[in-house]
Amino acid sequence: MTIRDGATSLRNLKSVLQHDVPASLVVFLVAVPLSLGVAIASGAPVAAGLVAAVVGGLVAGALGGSVVQVSGPTAGLSLVVAELVHTYGWRATCAITVMAGLLQLVLGGLKVARAALGVSPAVVHGMLAGVGVVIALSQLHIVLGGSPQRSALENVLQLPAQILDNHTHAVMIGVLTIAVLVVWARLPRLRVVPAPLAALIVATLTAAASGWDLTKVDLRGGFSSLQGPLPPQGDWHAIAGAVLLVALFSGVESLLTCVASNRLHDGPRADLDRELTAQGVANVVSGALGGLPVAGVVVRTTTNARAGARSRWSAVLHGVWVLLFTAAFAWMIALIPLEALAALLLFIGVQMVNLGHVRNLRNHREMPVYFVTMGGVVLIGLAEGVALGLALAALLALRRLAWISVDVRQAGERRWRVVVTGSLTFLGVPRLTEALRAVPAGSAVELDLHLDFMDNAAFEALHAWRLEHERTGGVIDVDEPHGEWYSTAISGARLFPARIPPRHDRWWLPWAYRRHPRPMDAGAGDAGSQVAIGVARDGDHDGEHGGVPAVREPQGVPDLLEGTREFQRRTAPMVRPLLHRMARKQSPSHLFITCADSRIVPNIITASGPGDLFTLRNIGNLVPRAGAVPTDDSVAATIEYAVQVLDVRTITVCGHSGCGAMAALLGGVPDLPALRDWLRHGRQSLARFVAAEPGDDDAGPLDRLCRVNVIQQLDNLRTHPFVDSLVRAGKLELTGLYFDIGAARVHVLEQERFTPVPELRTG
């Protein structure tokens, strides 16, 4: 062992002594009364609960996938165990526990633990709430001095008679226990001692001092009184179902608790497959020793994390303390009144109906699943209630997946807009066709399909309606902003539910390249002609510019008004909240000076949005020098406003390849008076170009002049005193960009040279 290893071991030992040992003692004090109560509620020997607590600590704690999870007997499984004990006997139930553990080992080896996360939380919480109600109703009869009935419904029906047949001592000790549990949680200074332990201590001392005639916990013989498992007798189908039930319920509860434990600490995240395997080993050991089934317990895990546990040693040591306590102080357990343990279980059962979970489920509209599961568990049985909850959850999920919204409204005189949103399947066809009946024959329709899936039945219904509408003289403009389900179906391509068909229509494409349906130009009976393709498919490229979409003959290229309609329909709803916030004030970060060339779109080449750039565009991206003749106050005013009012801190001059203004300077300015006067501001760029030597990467005189022009305009900016003073003070930065149109590549100016901006690599 090296010195570093020794230091690490010393730090680990110190952490265990400082954090895990105290936490293990707190968990131990919680585990003992809860284990006793669960054993009694399960109809098992009391010692079986303590065996499960020891095994849950020593085995599941050491091998588990979470550093803070604590396992042991759980109230959630008490109904299952009680039914198994009644049907097969206790020793056969132990054998079922062993087989359930082996099944969990197999499932853990197959790495299927994460599948448990696919169970709806509404089902899990509903199951626990139902179990809580059943436990509370059964233990209430014990608190009242009677005996619980076979079912929750019988417990409710027999409750009035039980109340009338009042057993004074039992009721008093039960009320005392519950009172201590309620009050103890409201006394922060006393929380060092767990409330369940305090309640049992007070109840036991009160019963002993008063000499009340109460039933005591039977722990004669301790662990030695337990016997090993015996093979269950009966229908093997029922036995296999019982094994599956114990394995799945304890496994799911453990895994969900394991996931919840990740939110309770900052240590390593839980390994679910390892946790499931550890639970399997623990159940094999617990069943073989005559103990209850083992699962992760929320109460103990939460207590462990809040007590400051840092490693698995806390869970392991808590099992050690339970073992030592049972071996040395079993006589103390025999003094506890059975009615006090019943009151503790009654309190726990009520707490299992967690109103916080109900509120969360209400926000997600899953309360029907919760209440159906809970009602099924209470009235029918645990397995049946869970099955009902799972079935309802699946039906609701199917309904949500098949949900569709159809909004039909009039958008003008004989113009209608239809917006279809959701998953358009056969289940939504009746609603779709009913809504489409409101569209008058012969009207113009804007049909917006915001779909994540469309099946064949829906396509047939929608397409049949379209053909019929166009046959009567109507016009339908189909727009699919998210995926081309409709147009892909028309083309006959195969559709895959998990893959959204690609969208060729992009907002950044010029109008002439976009998909623009013109149904009035197509024959109504030709399905393939109903959607005009404005972007080339694979292999349909222009011969000179490979990869550039081929322009079809423009059939009425959209004008500005139609473009604004498209903006209002598609883009405005998305940007409206953003623009609303900046409606009264703009705070751009850059003044962007570029050419008026139609091929240059600043927001595209800078990936900027509304409010980012204060843009100045003119022919040749020129910045007249201060005092230049002819004068130009427009550019100077823009610069002044940007720097001194908007407080921008960067001015960027962006030139581009093939600039017409620079070509005019090289080849002679055309006989246009205003243009001739404006291009006089480019004479310094031309002089600089003539004096400069061609570089190694010279792309020709025109593009070289375009680059030189950017450098010259940055110098021209410095001729304005307010700009120069801010640059000298380090409060303003001047940058230069050059956009190569043919390569769609941006270059940045660095020390009188332009270098390509490196691409961002991902993956």
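Predicted model: local features only at pLDDT ≥ 70, side-chain atom pairs only at ≥ 80, totals over all residues.

Modeller: One definition before we start.

Biologist: What percentage of the residues count as buried?

Modeller: Buried means under 20% relative accessible area. The protein chain has 763 residues. The part of them that counts as buried is 47%.

Biologist: How many helices and how many strands does the protein chain have?

Modeller: The elements are DSSP runs, numbered from the N terminus. Counted that way, the protein chain has 28 helices and 12 strands.

Biologist: Are helices H4 and H10 roughly parallel or roughly antiparallel?

Modeller: H4 covers residues 90–109 and H10 covers residues 272–288. Their axes come within 7 Å and cross at roughly 160 degrees. Angles over 145 degrees count as roughly antiparallel. H4 and H10 are therefore roughly antiparallel.

Biologist: How many charged residues does the contact of H4 with H10 hold?

Modeller: On the H4 side, the residues include Cys94, Val98 and Leu105. H10 brings, among others, Asp273, Leu276 and Val281. The residues of this contact divide into nine nonpolar, 10 polar and, as for charged, one.

Biologist: Is the crossing of H5 with H17 left-handed or right-handed?

Modeller: H5 spans residues 121–143, and H17 spans 382–401. The axes come within 10 Å and cross at roughly 150 degrees. That angle makes the pair roughly antiparallel. H5 passes H17 in a crossing that is right-handed.

Biologist: How many nonpolar residues are in the contact of H5 with H17?

Modeller: From H5 come Val123, Met127 and Val131. They meet Leu382, Val386, Gly389, Leu390 and Ala393 in H17. By class, the contact has no charged residues, one polar and, as for nonpolar, seven.

Biologist: Is alanine 607 buried or exposed?

Modeller: Alanine 607 has a positive phi of about 50 degrees although it is not a glycine. Most residues other than glycine have a negative phi. Alanine 607 lies in the loop between helix H22 and strand S8. With a relative accessible area of 71%, alanine 607 is exposed.

Biologist: Where does alanine 744 lie?

Modeller: Phi of alanine 744 is near 50 degrees, a positive value. Alanine 744 is exposed, at 55% relative accessible area. Its place is the loop between strand S10 (733–740) and strand S11 (745–750).

Note on methods:
Residues numbered from 1 in each chain as written. Heavy atoms only, no water. Helix = DSSP H or I, 4+ residues; strand = E, 2+ residues; numbered from the N terminus. Buried < 20%, exposed > 50% of the residue type's maximum accessible area, 1.4 Å probe, protein only. Axes fitted to C-alpha atoms, helices over the stretch in contact; angles between N-to-C directions. Parallel < 35°, antiparallel > 145°, perpendicular 65-115°, else oblique. Contact = heavy atoms within 4.5 Å. Nonpolar A, V, L, I, M, F, W, Y, C, P; charged D, E, K, R; others polar. Left-handed = near helix turned anticlockwise from the far one by under 90°.
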